[in-house]
Amino acid sequence: MKPAPFTYHRPETLDDALDLLATHGDDAKVLAGGQSLIPLMALRMGRPGHVVDIGRIAGLDSITVGADGDVTIGALVRHEQTRTSTDVATHAPLIATAMPWVAHRAIRSRGTVLGSIAHGDPAAEMPAVVLATEPTLIARSSSGVREIAAADFFHGYLDTALRADEILTEVRFPAWSPNAVGAVVEVARRHGDYALVGMAAMLTVDGDTISSAALAYFGAASTAIRVPDAEQALVGATVSADTFDAAAAIVSAELSPPPDIHASAAYRRHLAGVLTVRGLSAATAEIGADA
Amino acid sequence: MTADRLAAEESAGGSIVDVALTVNGRSAPVRVEARRTLSDVLREDVGLTGTHLGCEHGVCGACTVLIDGQPARSCLLLAAQVDGAEITTIEGLAEPDGTLHPIQQAMMQAHGFQCAFCAPGFLMSAVALLADNPQPTRSEIREELAGNLCRCTGYQSIVDGVEIAVRRMNGDSSGGSS
Amino acid sequence: MTAPGHPQARENRSGLVGQSVRRVEDDRLLTGAGVFVADRNPDGVLHAVFVRSPLAHARITSIDVAAARRAPGVVAVITGAEMAEMTHPFPPFLMLPGLYTPLFHALSADKVRLVGDPVAVVIAESRYLAEDAADLVDVDYEPLPTVASIAEALSPTSEPLWAKAGGNVMMDHTDTFGDVDAVFAAADRVITERFDCPRQSNQPMETRGSLVEVDAATGHLTIHNATQSSHLLRWAVAALTGKQRTTTALKRFITNKQRRRAFFAGAKQFVGTNRDGLKEQDNAGPLAQLKKDRSFLGHMNKIAVGLLGKDDYPTVKAQDIGGGFGSKGPVAREDIALAAAATSLGRSVKWIEDRTENLMDGGQAREESLTVSIAVDSDGTFRAMRVDLIIDQGAYPGFPIGAPLITKMMKVMFPGAYRWDAFEIRSRVVATNKGRYIPYRGPWANETWARERMIDVVADALGMTPAEIRLHNMIGADDLPTSMVTGPSIDETMSTKQTLERALELIDMDQFERDRVAAAASGRRLGLGIACYHEAAPGPPEFWDCIHPGTGMLTPEEAHTTVEADGSVLVYTQQMPHGQSHETTYAQVAADELGVRIDDVTIVSGDTDRTPFGFAGTGGSRGGPIGAGAVRTTAREVRRQLIESAAGMLEASPDDIEIVDGNIHVAGVPARGVTVAEVARRAADDGASGDLHGAPFEVADVYNGAGDGGWSVATHVCIVDIDLGTGLVTFPRYLVVEDCGPIIHPAVVDGQVRGGVAQGIGAVLYERTTYDEDANLQAATYMDYLVPTAMEIPEIEVHHLETLSPGENDFRGVGEGGMVGAPAAITNAIEHALGARVTTQYLPPTKILELAGVIVPG
């Protein structure tokens, strides 16, 4: 279980990295934390001819809060960094909420948040957090900069809007509304495993009335996925167990998750409904919901 | 490393890189294939075989080491990625005079392990945990150690060992009873 | 709590035995100074990678290794056909009635029978380079229909894996005890249920591995190997590699006087000590084998003659081993291929199995179908039991021990600790295109699972509680002496009923019922499960002959205890520790027996040049009863000799002399003593030198445990808490009341019990070696084969009874029981919680919610 040979590049600047990607295209892979790429290479399921290690590029490892409260996360920010960041806890709390679910400490200290997003595993937490919070994803290539909306980013199983010559350099999360609440819940076979199903929820609530809702599921389709009908059922409704049950019923009816050796499709569909109620209850717990 | 291996590696088609590691406080420069994982470099090129390989795909945690103080799976890193880093392995836990680290003493007291193949990873994870959180609860210990698999013990004795280490490191030199 | 009336009060209770002393092993294992096989990297060592089949069943039409041989760093590529020229096939080992054992080589040449079947081995300068070259080996396969399940294997139209087997049923045999038909006819009710246990895997944290070092001058092989039985591996490599012409071998044997003499002396000794066992061998097994495949006679002949013609057998050495749980007991095909490759190259070669290889064919277990019928009277009295057992042994039989012998263990143990008038079991073994079925911690354990499951089914049908029906039928002190319906005698060490009674005292049933009601109100279900068992550890003297006549001769075990000239004590054992703490526990036993300090004792294991012969290695919960018995017996004799020697120096009668902390003196007069070292030095100066190790004091003896009885027993009780939203199962309480007799080291015993329970929890809730309908392995990484973590395994309470046995050495085994009891207790608790019949051992969240009626089975 050892990686096949490759040409190793460790550019010092982003431009150099982008030039390498422009030159080698599909035969190159970007290496940041490596927590998804290296095992694939060790299993020889991935055999890039060129590995572009961006780990030494300065300026990609910061979490910055903008003037209006938006939070920008760079390509080399590790999961653990966001778990312990007070800026993230204050301005992008859904990321902080997701972090304890992400793998284990020793993975979080190397794995990058943007790497997880760019990898696009449908059972991982961060793609769902992206769908729920709708940040802007900034991709750079030697031919320029592209801003990609969250809704346009995930294309299919391990397939995203990123081109082979692009690096996802920053993700800019919009300011967290004072009325916003959120939760991330999931069920995995074992602690730290990829989820059987999970959900990231973000609501804005005025009094006890839901004014907006984003429900993003992971482990429930070939990508992380939102369920707009359930969200619409929430908007305008009051925070209550009945409201959540109604949303859950829509979720279970509309999702058609794939079966695998760990859980059946019926189980996942049922679980998505259960997690809808539990996630919404957790998100609104401090609002005094009776859910 | 034999000359035959080096010659073959040079014709294998991948990059050869110079990596300057500092392992347990000692400089350990190596010249290796870029594809070599940190775990293999530690074990075969630096000669520190205390770090073990249980799965080589990042699940079992036996290969956990500290990189600049942070726990990491050495099987999920190329050595080239950590060029210049300070690495701590199980061999570096004891004091230079041989005095064992409190976690090592505590695990002895708790009879924490059986075959102990997994022990290097658990010890490094426990050291990282106690650095992050010097007074973890029993359930926090379980949660943090969930990244390391043990097949022998059912974990209870390992959790006991960490609790003893917590008490020792917080001034109770007896560690209390296990 | 001890049984009263035993004359031998624990003479060593004030000593080291019974204390959780610091583990000797930890000094190296907790500092990174252990030496596991993968840690050995001698200069110039080559690395092997096996080329493995991607198909489950196929004919090999061609294999092209030219490109691989040209790849950088490659020293050799050996194909299956080439390997067959260098090695003998694995022969049938235990020929049981109704069994056919196919012969197979280290590598496959014509046909592959599972995903992962090795067809070639690449030897290169590094593992990386060897993997590169393995990718270049071009094999053409012609796919064959696959056999992926017991049901398919039973079908007469399934594609036979083994041409000479006449189908995929490899064994079919029925054992009957008592007039089963009559008892069934007379009973009030007959209740039948089928239980299926999916495939699991042992999964030690260290995979298999071997380093074969070749002495450039002599060609002698030194094999460092993660083996549970070093002598077995030594003989297997000697037997199967170094293939030579029979005439050459015979000539070498005849012209080598020394070897000839040694052979005949050894044979005479073997026949002498095993006369009874050899007499009990019947011919039904060999005849069954002969009927299907005569070729084994020729191969076994060549193997035997080849062994005679060899001047040099390999040395096997093992130091630290990262667990095994049975998987490192069998001799692997890779072990043989590696030794043959190293021999042919004259260079040292290393193979460390990777985790995917380990999941493919490093050992799998437990895939069994068990249909159980119980004839019972209306008052709940068990009358008779009938079992239809089918084991899926996968593609290649375990060597030397696999499914066939395990059917025999299940046969004997199935009735459990209960009274029966009659019992019958039909045992079938089938071949499928899956990994090797091998022993896994308590290899017979599914008899306990199916029986204890079935007992709950019967209790439910009769309106009794699980505890009531067990207590009603269980053999208790009033029944003694008695024997199991399957033969083995039962004495007071079979204290299962006391463990059940104690367990019931420890559970507050009223509180449980209140908790149950409260949980139900919040979408949870609580259940309580009980499982009881006894295991032969070592069992009564006749136990192994009840398994199969003649196998009893494998029981005895030899130890050597020496005192060196410097006073240090060495204990040599054939045991092969791999986590069980022998270096500590055997030192406790020897130190107590001798009267020396524990630090003065060193346990020597794993090196076949130094340790006594024995094929058993470590396994079968024998380390406490048989292995430690041999240590104690030899240490006791050494003590006698030390005292006798010292008596002259002390001018005292040996009867008045004691040894305390290495000081030999007249009792009560320690100041006027001599040390063990002084006595040993004087004996050495006087020329005393043992034949085996050259030590001034040296005792070798064989211990067989005969007469010492020895059932190890336990009751497991667990409470499960099931979330009906998620199907997740947690354990508010898990308790074990066990009785393995006097305990050498309490922390070691608790660790063995907890580790076994953890594997049982894994088996029920997390672990499955999943194959698809075409026998493709679906769980080939640790992302998919789910070994539970510290978050899934609960705190496990362990309570002890310490019933003494009438024998001389009454330590009893404890290595396997945790795994034997846990699946039954957990599945019983889940059935209780859900009120739905549980007939499979694997209950992932999906299955839980299906049973609960929350979701529809898909």
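User: What area do domain 2 of chain C and domain 3 of chain C bury between them?
Analyst: This is a predicted model, where local features need pLDDT of at least 70, side-chain atom pairs count only at pLDDT 80 or more, and totals for chains, interfaces and linings use all residues. Residues are numbered from 1 along each chain as its sequence is written, chains are lettered from A and ligands numbered from 1 in the order written, and side-chain values use heavy atoms, with hydrogens and water left out. Buried area is the accessible area (1.4 Å probe) that two parts lose on being put together, summed over both. Carbon and sulfur atoms carry 67% of it here, and the total is about 2400 Å².

User: How far apart do the C-alpha centres of domain 2 of chain C and domain 3 of chain C lie?
Analyst: The bounds come from an automatic or database domain assignment. Domain 2 of chain C is 37-145 + 207-321 + 328-361, and domain 3 is 364-542 + 708-851. Contact (heavy atoms within 4.5 Å) involves 30 residues of domain 2 of chain C and 27 residues of domain 3 of chain C. Their C-alpha centres are separated by 36 Å.

User: Which side chains meet in a salt bridge between domain 2 of chain C and domain 3 of chain C?
Analyst: A salt bridge puts a side-chain nitrogen of Lys or Arg within 4 Å of a carboxyl oxygen of Asp or Glu. The count between these two domains of chain C is one. At 4.0 Å from N to O, the pair is Arg436(C) and Asp361(C).

User: Which helix gives the largest share of the side of domain 2 of chain C that touches domain 3 of chain C?
Analyst: Across this interface there are 12 residue pairs in polar contact, both at pLDDT 80 or more. Polar contact means a pair of N or O atoms within 3.5 Å; within protein, one must be able to donate a hydrogen and the other to accept it, and residues adjacent in sequence count only if both atoms are side-chain atoms. Helices (H or I, at least four residues) and strands (E, at least two) are DSSP runs, numbered from the N terminus. With five residues, the helix is α14 (residues 355-361) of chain C.

User: What area do chain C and chain B bury between them?
Analyst: Contact takes 61 residues from chain C and 50 residues from chain B. Carbon and sulfur atoms hold 59% of the buried area, which totals about 4600 Å².
The residues of chain C that lose the most area to chain B, together 18% of what that side buries, are Leu30(C), Tyr128(C) and Met205(C).

User: Which residue of chain A forms a salt bridge with Asp40(B)?
Analyst: Chain B and chain A bury about 2700 Å², with 53% on carbon and sulfur atoms. Arg35(B), Leu76(B) and Gln81(B) lose the most area on the chain B side, together 23% of what that side buries. The salt-bridge count between the two chains is four. With the closest N and O atoms 2.8 Å apart, the partner of Asp40(B) is Lys2(A).

User: What C-alpha distance separates Ser605(C) and Ser230(C)?
Analyst: Ser605(C) sits in the loop between β23 (601-604) and α22 (623-650) of chain C. Among the residues Ser605(C) touches, not counting those up to four places away in sequence, are Ala318(C) and Thr573(C). Ser230(C) is 375 residues away along the chain, yet the C-alpha separation is 9.0 Å.
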